[in-house]
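Please look through the sequence and the structure shown here.

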Amino acid sequence: MSFPVSKVRAAQAVACVFGPFFLLFTSLIAQGAEAKHWGFGPLEMFPIESQIQLVSPLDANNDGLSDLIVSNPRKSELTLLLNQTGHEGANPEGNRQVLKNVNDGVNRLPPDARFKTKSILIQSRPKALATGALDQDALPDIIFYDDRETLTVLWNGKQGAWSEKTTWRVTDGIPGLKSLMIKDLNMDALPDIALLGESQVSIFYNKGGRAFDQPRNIQIPSGVTSFEPVDVNQDHQLDLVFHVPNRKDGLYICLRNARSFGNFIQVPSIPFAKVFWQHDTYHGKVQMFAISDHLDQLMAYELGLRPSAKSTEKTDSGALQMIRFPEFSGIKRGVCWADMNEDGRDDCLVSDPDAGLLNVFLSNQQEGWDEPRIFPSLTGVQELTVMDWGRDGGLEVFLLSKDEDQIGHAHWDSVSKIMSYPEKLPSLSKPLVMQGQTSGAGHSSPSLVVLHENDQGWAVSTIGSELSMQTQSFQGSLKGIPERLMLHDLDQDDRVDCLVFTPYEPLICLRQQTEGIYETIELTPPGGSWQGGWATSGDLDADGRSELIMPFKNMVRAYNMTSRTLSNDTDASTLDWALQVVGQINGPSNASSLRSGVVLEDDEGAATHVALFDVSGSRLHVAEQDSKGVWRVIDGQDMAVNELVRLQQLENEGSQEILLLCEGKDGATVNTMGGQAPLLKAMGKQRSMAREARLQSLLSADFDQDGMPEVFALETSEHRVECFQLEPDQSFSILNQWSVFEKRSYRNQGVAFPEPKEGIVADFTGDGLLDLCLIVHDRVILYPQYSWTGTKSAK
C-alpha cells in the first residue's frame, strides 16, 4: 500500500519537495488485535553539500550510537555526522527551535538536530570508502581510495583527532560502493584491507598495531566491478564473490582455505546488473538478491551445489575453475602443468616474462589451486617444461628465455616447496623451442630436446642429466619462427619423432632413425599448411596407437605418417612420406572454427569422448561415437577463454572426474567434468512498480525481526523506495512504496545523478530497531523505525 506525501514547499532553493509522513508495515508473524506492526516515523533531513556520496556507518567516538561519514568531493573532505541522540541539547524528535529564515529549516542543520557535522580535510576526492577498527583500540578508523591513486587509513585518535595516517600507492583501484572492504580475511582475529582493482584485488593483511604486510595481489577476471565477503561453503572462513555486470556467467567465487585464497570458480548465471549477498541465518543458506540486467526486476537466489554426475554422464560440465595469469606485454609466455606437490593432480607453472618471475599454483584439498608461490626467474621466459631429469625423484624446471638467449634449469624442493634460481645450460646458442622427454620410446634416459640455431643453420640437441649433449645440425635456415616442438611417434615405429610447428608453413617432422639421429621430412597436411591451433595426440581409431590430432577449419583430423617407395633412374629406391587422414570429427556447424581437439580418457586410460574447442563462439564441445562409429557433437558449453593456447586433459589421480584444461593468453579455465558445480537456485522475482523502472540499489535487513529479510529497492526513474519481503513460498510480497521527493529543479538545474543515490541500514536512534538512511541530492535523509503490538491505529 502507498501513503500520500505532504507537499511542503519551503523554498525555491530546495532540490525537491520532501514530505514528513508516517509509513506503516504489518508484520507477518501475528494477526488480529495483537498483530505486530512496524513503520517509519517522520523523516529527518540533514543538508550537507551537493554531490555527497559513499555513506558509511561507524561509531566514531565509541558512545554506542551509530554515526555516519560521507565523502564530500566538492570540498575535498569527509563529513562526519556525529549522533547526538540522548545528548544534552539534542531534541531530534521534538519541535525545532525557531529559525530566522524559513529556508534554514530545509537547507541548514537545526541546532538540536540528531547529528552534528564535523569536517575532515583530506585534499582529495575519495572513490571508495570503508570504516572499521584496524588497530584494536575499539575506535573505528577510516580508509579511502582517492583520485590520486592513493589508499589512505585515517587513524582515530584522542578527542576525535584524525591527524595520523598510513598511505599506499595503488595504481589500478576502481571506484564503487563495493570496491573496498575491511574484513578479517585470513581468520587471525585482525581486520584486513582489500581493494578491488581493474585487473587484481590487493589484500593488505593486518600484522597488529598499525602495521600491515605488503599487499598480496590476486589476479581477477576482466570486467569485475564489485566484490563481497561471503562464507560460501560455510566452513567459517570468508570467501570472496566477484561480479561482472550484465555478463552471462559473470559471477565468480574465490574460496578461502587455511593458507590462502584459491582459484576462481565460475557460477552459471544469467546477466545481472548488480548483486547483493547475505547469509540467511534463519535457514542456514547463502542468499543473493540481484537487479536484472534491464534494471526493472528484483530477483532472489539461493547458492548451492549441483551433485556429481553419474558414472555414465562424466562428460557433463562440472565446476569451471579459473586461474588468472599475471599481465604481460608480450605475445608468448611459458606455461606448464605438472604434479609439483605429489598429490596426483597437475599444478600450474606460469612465467611472468616482464617481471622475471615464475608463479607456481599448487593444487589444494578443495580440489582447486592456491594463490601462486612466486620465485625469481629469467626474464622473457617463453617456454617451460618439468621432468625428473636425474631420475632421483626430484623435479627440474626448464625455462627457455628469448630475452636472455638461454635455457636455465631450476631444482624444485617438493618438501619445502621452494624453487632454486635457474642455472644456465651451457653450449646452447639461440634456443627456439624445447620439450622434455621421458625414458623409453627410443630414449634410454630422460632428456631435454632443444631446437636451436647454430653456425651451420639450425640443429636439434638432446641433453641428458649429466649435461651430456648430442647435437645434429642441418644446413640452411628454418622457414618462419617455430612456435612449438612436439614429441610424437608420427610413423608409429615405436621411436619418438620431433614435430616442429610453424604457423602457415609446412609441418617439419624430424623422424628418429636411431637414438638422437633424425632425418628431416617436410609435410603438408591435406588441405594446406598448418594454420595454428593446438595439436594433440590420442588414440582416436582405437587401434592401440596414438595419432596426431590437428584442427582444420570446422573439423579436427587424426593423422599418421605413411610412406611409399619411389624408384629412380639409378635403381636406388627412396621413401616418400606423407600425412594420411585416419579419422575426422566435424564441428556442430559449417561456421565453426575449431582450434584444438583432445581425446578424453577415463581413470583406466580408456578413450571415451573427444573435446573440441570452437573459437567462433568460444565454446567447448564434446563428441562421442554413435553406433555406426561416426563421431558426433553431443554437448556444448560457453567458455571464458581469450585466444586459446592449449587444450589438454590434466592428471587427476584417484578421482573419476575428468579435468579438462582450456588455456588462454591471460588465464586458464579447468572444467571439472562430471564433478560438483555451484548452482544458483531461483527463489523468487518481482518487477518494480515504476512504469519505466531503473533500480539503483538494494538494501536487505530483518527490520521486524521475524527471520525473513525485508528488501528495500531504490528506484530512480520515479525516485521511489519500494519494500518487499521474501515469503516462505519463495514469492515476493509488496509491503509498501513511497516517493522520496517530487521532481523539481535544484537551483534551476535538472537532476544530475540518479536519485536516491545510496542507502544504508543501522540503528541510529538507539532504540534497538533498524532505521533506513538515504543519500539524496545534498542531504542525508533518515527514516526512524517504530514498532508496536496491537491495532494499526494504536501508535
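The paragraphs below treat a core, a pair of strands and a sheet.

This is a predicted model, in which local features need pLDDT of at least 70 and side-chain atom pairs count only at pLDDT 80 or more, while totals for chains, interfaces and linings use all residues. Residues are numbered from 1 along each chain as its sequence is written, and side-chain values use heavy atoms, with hydrogens and water left out.

The largest nonpolar core has 20 residues. Such a core is a set of buried Ala, Val, Leu, Ile, Met, Phe, Trp, Tyr and Cys residues joined through side-chain atoms within 4.5 Å; buried means under 20% relative accessible area, with a 1.4 Å probe and protein chains only. At least two residues of this core come from each of strands 13 (192–196), 14 (200–204), 19 (239–243), 20 (251–256) and 21 (261–267). Strands are DSSP runs (E, at least two residues), numbered from the N terminus. Val201 and Phe242 have the most contacts inside the core. Leaving aside residues up to four places away in sequence, Val201 touches (heavy atoms within 4.5 Å) residues including Leu195, Ile218, Phe227 and Phe242.

Further along is strand 35 (residues 431–437), which is largely enclosed by the rest of the structure because five of its seven residues are buried. Six bridges join strand 35 to the antiparallel strand 36 (residues 447–454), and Gln435 stands opposite Val449 there.

Finally, four strands make an open antiparallel sheet in the order 47-48-49-50, where pairing requires at least two DSSP bridges between two strands. Strand 47 (594–601) and strand 50 (631–638) are at the edges with a single partner strand each, so one side of each lacks a neighbour in the sheet. Strand 49 (residues 619–625) is joined to strand 50 by seven bridges, with Glu624 opposite Arg632.

Definitions and conventions: Buried < 20%, exposed > 50% of the residue type's maximum accessible area, 1.4 Å probe, protein only.
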